[in-house]
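Subject: Structure handover

Hello,

Here is the structure you asked about, with the sequence alongside. My notes on what was found follow below.

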Amino acid sequence: MSEGIDFLSLAQQRYSVRRFTEEPVRQEDLDRILTAAIVAPTACNLQPWHVYVLQSPEAVAKLPDCTRCHFGCRTALLICQNQESSWERPYDGKRSGEVDASIVTTHMMLEAAAIGVGSTWVMHFRPEAVRECYQLPDHEEPVALLVLGYPAKDAQPSPRHSEFRPETELVTVL
Ligand SMILES: Cc1cc2nc3c(=O)[nH]c(=O)nc-3n(C[C@H](O)[C@H](O)[C@H](O)COP(=O)(O)O)c2cc1C
């Protein structure tokens with residue numbers, strides 16, 4: 001684990017890891033990553049999320065039915081939003097579940113990076129296949145897969161990692 005790294009350096013160093021060693025993620029690392037999920041903020045603290053830890057050989061073997069972006073991982077997290085228990089904005093009925101689940105995913109992705117576990121956030125999956133493979137209840141919508149593992153020796157950031165739109169396009173000071 002990297003000690004004492006400041007947050008901005010961590011955010012700058014993290015990249016989507018798409019090549020992993022064969023080693024499944026160790027339990028103590030998984031525990032830290034899941035703790036980062038549990039402390040994540042959610043609207044009204046309703047915590048309308050559910051994470052499935054895909055680590056049994058049976059669960060991992062189903063990933064290719066759901067997505068081509070599994071990168072041969074041995075461990076993955078499936079993050080779902082609970083569509084019934086999320087906060088609802090009174091003005092227009094917009095619900096917070098997808099945002100909440102995304103914050104949970106971001107917390108886990110960054111904690112993983114902090115302790116040397118590589119990850120890639122995957123949205124390119126077949127929702128119906130995910131539902132069926134992992135027997136999701138109707139009120140849970142899969143939001144993200146976080147594929148995890150220890151970076152392979154030849155793991156490298158993709159060229160996209162360092163493509164940034166200019167700050168002037170992204171930020172407006174009023
Ligand atoms: C919401 C979201 C969905 C993503 N979906 C995928 C995906 O399905 N497959 C994939 O390989 N990468 C996916 N990524 C990773 C992005 O491509 C990656 O974060 C981006 O290109 C920047 O690269 P970096 O993470 O290395 O900095 C996703 C990232 C986010 C935030």
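A residue is called buried here if 20 or more other C-beta atoms lie within 10 Å of its own, exposed if 12 or fewer, and partly exposed in between, with C-beta atoms placed from the backbone. Helices (H or I, at least four residues) and strands (E, at least two) are DSSP runs, numbered from the N terminus. The model is predicted: local features need pLDDT of at least 70 and side-chain atom pairs count only at pLDDT 80 or more, while totals for chains, interfaces and linings use all residues. Residue numbers start from 1 along each chain as its sequence is written.

Overall fold

The protein has seven helices and four strands, in the order α-α-β-α-α-β-α-β-α-β-α along the sequence. Its radius of gyration is 17 Å, close to the 16 Å that the globule rule gives for 174 residues, so the protein is as compact as a globular protein of that length. That radius is taken over C-alpha atoms, and the globule rule is 2.2 Å times the number of residues to the power 0.38. Along the principal axes, the C-alpha atoms fill a box of roughly 50 × 50 × 30 Å. Buried residues make up 26% of the 174.

Two residues are in contact if their C-beta atoms, placed from the backbone, lie within 7 Å. Among contacts with a separation of 6 or more, 80% come from residues 24 or more positions apart.

Strands

Two strands pair if DSSP finds at least two bridges between them. E1 (49–54) runs antiparallel to E2, with six bridges joining them; Tyr52 stands opposite Leu78 in E2. E2 also pairs with E4, again in the antiparallel sense, over eight bridges, and here Ile79 faces Ala144 of E4. Seven of the eight residues of E2 are buried, so E2 is largely enclosed by the rest of the structure.

E3 (residues 118–122) is mostly covered, with four of its five residues buried. E3 pairs with E4 (residues 140–149) in the antiparallel sense over five bridges, and Val122 stands opposite Leu145 in E4.

Helix H5

H5 (residues 97–114) has 18 residues and reaches 26 Å from its first C-alpha to its last, close to the 26 Å expected at 1.5 Å a residue. The expected span is 1.5 Å times one less than the number of residues. Its buried residues include Asp100, Val104, Met108 and Glu111. The buried residues of H5 pack against H2, E1, E2, E3 and E4. After H5 comes Gly116, with a positive phi near 85°.

Ligand surroundings

Which residues lie around the ligand? They are Tyr15, Ser16, Cys69, Thr120, Trp121, Val122, Met123, His124, Pro157, Ser158, Arg160 and His161. The shell divides into six nonpolar, five polar and one charged.

Loops

Asn45, in the loop between H2 and E1, has a positive phi near 55° although it is a residue other than glycine. With 8 C-beta neighbours inside 10 Å, Asn45 counts as exposed. Gln135 lies in the loop between H6 (127–133) and E4, and its phi is also positive, near 55°. Gln135 has 7 C-beta neighbours inside 10 Å and counts as exposed.

Regards

Key: A residue is near a molecule or strand if its C-beta atom, placed from the backbone, lies within 6 Å of it. Ala, Val, Leu, Ile, Met, Phe, Trp, Tyr, Cys and Pro count as nonpolar, Asp, Glu, Lys and Arg as charged, and the others, Gly among them, as polar.
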